[in-house]
Structures are given as C-alpha cells and as structure tokens.
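Please read the numbered points alongside the sequence and the model.

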Amino acid sequence: MNARMGAQPWLAHTQHQSAVDAAGHARDQDRSRAAALLDEAAQTAGELGMRTLLSRVVALRQTVIN
C-alpha cells in the first residue's frame, strides 16, 4: 500500500520491519525473503537519505547473511 501511495519513507520502514519479522524464523525461505526485503529497504532508504534506517538495515543484513 505504501508503494502504491508513493509513501517512500513509510515503504522503507515497512520493508525493514517485514525483514525483521522474516529474519526471526528459522526456515531458509524466510531468511531469503528477509535478505531480499533488506536489499529493497537499503535501496529505498539510501535514495531518500534515511541514514539511520540505512544503518539498521545494513546491521540486520549482516546478521541475516551469517
């Protein structure tokens, strides 16, 4: 919905939170989904200059990869 409305800052936060939720599961497909969401959130946050959110995304991305 945020994407359809053009609410990019909220989209970035939603992508991040959805990744947090998916990363909390043990299944490989959930972790893959979390990684994809984090990539999207990083791109959105980076484009918008949302440095604090971007740093959270990067930190979580490193956790998901390892």
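1. Of the 66 residues in the chain, 33% are buried. This applies to a predicted model. The accessible surface of the chain amounts to about 4,400 Å², and carbon and sulfur atoms account for 53% of that area.

2. As to secondary structure, the chain contains four helices and zero strands, giving the pattern α-α-α-α when read along the sequence. The chain is as compact as a globular protein of its length, because its radius of gyration is 11 Å, close to the 11 Å that the globule rule gives for 66 residues. Along the principal axes, the C-alpha trace extends over about 30 × 25 × 10 Å.

3. Which residues have the most contacts inside the largest nonpolar core? They are Ala19, Ala34, Leu38, Met50, Leu53, Val57 and Val64, in a core of 15 residues. At least two residues of this core come from each of helix H2 (8-23), helix H3 (28-48) and helix H4 (51-65). H3 provides the largest share, six residues.

4. Ala19 deserves a separate remark. Leaving aside residues up to four places away in sequence, Ala19 touches Ala34, Leu37, Leu38 and Leu60.

5. Contacts across the sequence may be noted next. Where the contacting residues are at least 6 apart in sequence, 53% of the contacts in the chain join residues at least 24 apart.

6. Finally, the charges: the chain carries 7 positive and 6 negative side chains. The centres of these two sets are 4 Å apart.

Definitions and conventions:
Residues are numbered from 1 along each chain as its sequence is written. This is a predicted model: local features need pLDDT of at least 70, side-chain atom pairs count only at pLDDT 80 or more; totals for chains, interfaces and linings use all residues. Side-chain values use heavy atoms; hydrogens and water are left out. The radius of gyration is taken over C-alpha atoms; the globule rule is 2.2 Å times the number of residues to the power 0.38. Buried means under 20% relative accessible area, exposed over 50%, partly exposed in between (1.4 Å probe, protein chains only). Contact means heavy atoms within 4.5 Å. Accessible areas come from the Shrake-Rupley method with a 1.4 Å probe; for residues, only the protein chains shown count as cover. Lys and Arg count as positive and Asp and Glu as negative; His and the chain ends are not counted. The place of a charge is taken as NZ of Lys, CZ of Arg, CG of Asp or CD of Glu. A nonpolar core is a set of buried Ala, Val, Leu, Ile, Met, Phe, Trp, Tyr and Cys residues joined through side-chain atoms within 4.5 Å.
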